[in-house]
Amino acid sequence: MSLNLELKIFYAPSFLGLAIEQVKSTYKIPISSYYLWPRTDAWEQIKLELESKPWVKPEEKIKLLNQTASIMNYWRKNRHNTTKKTLNAQFPELLFVNVVE
């Protein structure tokens, strides 16, 4: 059974807000709070959050951590010159709840 976990992102030029939620048909369940990067080590916090959930499969954990690293690397290079349209095209599997341009 797939848990349908997704990375939820608040994208701003000065920070990223990263959280995980579970998608169930017509509603979403928060799995973690938002972790603000670069203010905190969001990747490590998400890793610890996922490790505390034994019901999440290792493959799902790796996928979410890889997505986290990808969006963090993208933000480092493009944080001041991107749009929601560009982000959605570059990362169609991620949920951008807000993009501050």
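Start by selecting Tyr11 and Phe96 in this predicted model: both residues are buried. Their rings make an edge-to-face aromatic pair, with 6.5 Å from centre to centre and 70 degrees between the planes. Now colour the strands. Tyr11 sits in strand S1 (residues 5-12) and Phe96 in strand S5 (residues 95-99), so this pair ties together parts that are 85 residues apart in sequence.

Next, look at the aromatic pairs as a group; the count comes to 4. Pick out Phe10 and Phe15: their ring centres are 5.5 Å apart and their planes meet at 5 degrees, so this pair is stacked.

Then move on to the largest nonpolar core, which has 25 residues. Select Leu7, Ile9, Tyr11, Leu16, Leu18, Ile71 and Phe96, the members that touch the most others in this core. At least two core residues come from each of S1, strand S2 (15-24), strand S4 (35-37), helix H1 (42-51), helix H2 (58-78) and S5. Which element gives the largest share of this core? Show H2, which supplies 6 residues.

For the last stop, centre the view on Ile9 and display its contacts. Leaving aside residues up to four places away in sequence, Ile9 touches Leu16, Gly17 and Leu18, then Ile71, and finally the run Leu94, Leu95, Phe96, Val97 and Asn98. Keep Phe96 selected as you finish: this contact of Ile9 is also the buried ring that pairs with Tyr11.

Terms used:
Residues are numbered from 1 along each chain as its sequence is written. This is a predicted model: local features need pLDDT of at least 70, side-chain atom pairs count only at pLDDT 80 or more; totals for chains, interfaces and linings use all residues. Side-chain values use heavy atoms; hydrogens and water are left out. Rings of Phe, Tyr and Trp (its six-membered ring) pair if their centres lie within 6.5 Å; planes under 30 degrees apart count as stacked, over 60 as edge-to-face and the rest as tilted. Helices (H or I, at least four residues) and strands (E, at least two) are DSSP runs, numbered from the N terminus. Buried means under 20% relative accessible area, exposed over 50%, partly exposed in between (1.4 Å probe, protein chains only). A nonpolar core is a set of buried Ala, Val, Leu, Ile, Met, Phe, Trp, Tyr and Cys residues joined through side-chain atoms within 4.5 Å. Contact means heavy atoms within 4.5 Å.
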